[in-house]
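User: I am new to this structure and would like to learn how to read it. Please take me through it one feature at a time.

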Amino acid sequence: SSAQRAGHAEHTNSGKAFRLYSKQCFNEMLPDMIPEIQRSNLANVVLYLKVIGIGDILEFDYVDSPAMDQMVEALHLLHCLGAIDSNGKCLKM
């Protein structure tokens, strides 16, 4: 969040802040951003993990675990594209 970034940059003294959104939008924002891995298409992440040898990506110890349905959707897409087989193993391209 912008408040968190200001704190990290040690810009917590009095002064002015110029943001590219209205105060109303700022007040409607979530207090914390949703991690990118939880809001993005994960097909490229899943494929990369498979390529580097992570076998069970559903049980992998992520810092911010993505939703299980996102992971399953990514696996299904990779299978449909011919990147992985029905057992989740990478296929040669």
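User: Which residues make up the largest nonpolar core?

Analyst: In soluble globular proteins, nonpolar side chains tend to be buried together. In this predicted model, the largest nonpolar core has twelve residues: Leu-42, Ala-43, Val-46, Leu-49, Ile-57, Tyr-62, Met-71, Ala-74, Leu-75, Leu-78, Ala-83 and Ile-84.

User: Which elements give two or more residues to this core?

Analyst: Helix H3 (43-51) and helix H4 (68-80) do. H4 supplies the largest share, four residues.

User: Which residues does Val-46 touch, not counting residues up to four places away in sequence?

Analyst: Val-46 touches Ile-57, Met-71, Ala-74, Leu-75 and Leu-78.

User: How many aromatic pairs does the structure hold?

Analyst: There are two aromatic pairs. To read a pair, look at the angle between the ring planes: under 30 degrees counts as stacked, over 60 as edge-to-face. The planes of Tyr-21 and Phe-26 are at 5 degrees, with ring centres 6.1 Å apart, so this pair is stacked. Phe-60 and Tyr-62 have their planes at 75 degrees and their ring centres 4.9 Å apart, so their pair is edge-to-face.

User: Is Tyr-62 buried or exposed?

Analyst: Buried means under 20% relative accessible area. Tyr-62 has 11%, so Tyr-62 is buried.

User: Where does Ile-34 lie?

Analyst: Ile-34 lies in the loop between helix H2 (23-28) and H3. With a relative accessible area of 40%, Ile-34 is partly exposed. The C-alpha atoms of Ile-34 and Asp-64 are separated by 9.5 Å, while the two residues are 30 residues apart along the chain.

How values were computed. Residues numbered from 1 in each chain as written. Predicted model: local features only at pLDDT ≥ 70, side-chain atom pairs only at ≥ 80, totals over all residues. Heavy atoms only, no water. Core = buried A, V, L, I, M, F, W, Y, C linked by side-chain atoms within 4.5 Å. Buried < 20%, exposed > 50% of the residue type's maximum accessible area, 1.4 Å probe, protein only. Contact = heavy atoms within 4.5 Å. Phe/Tyr/Trp six-rings, centres within 6.5 Å; stacked < 30°, edge-to-face > 60°.
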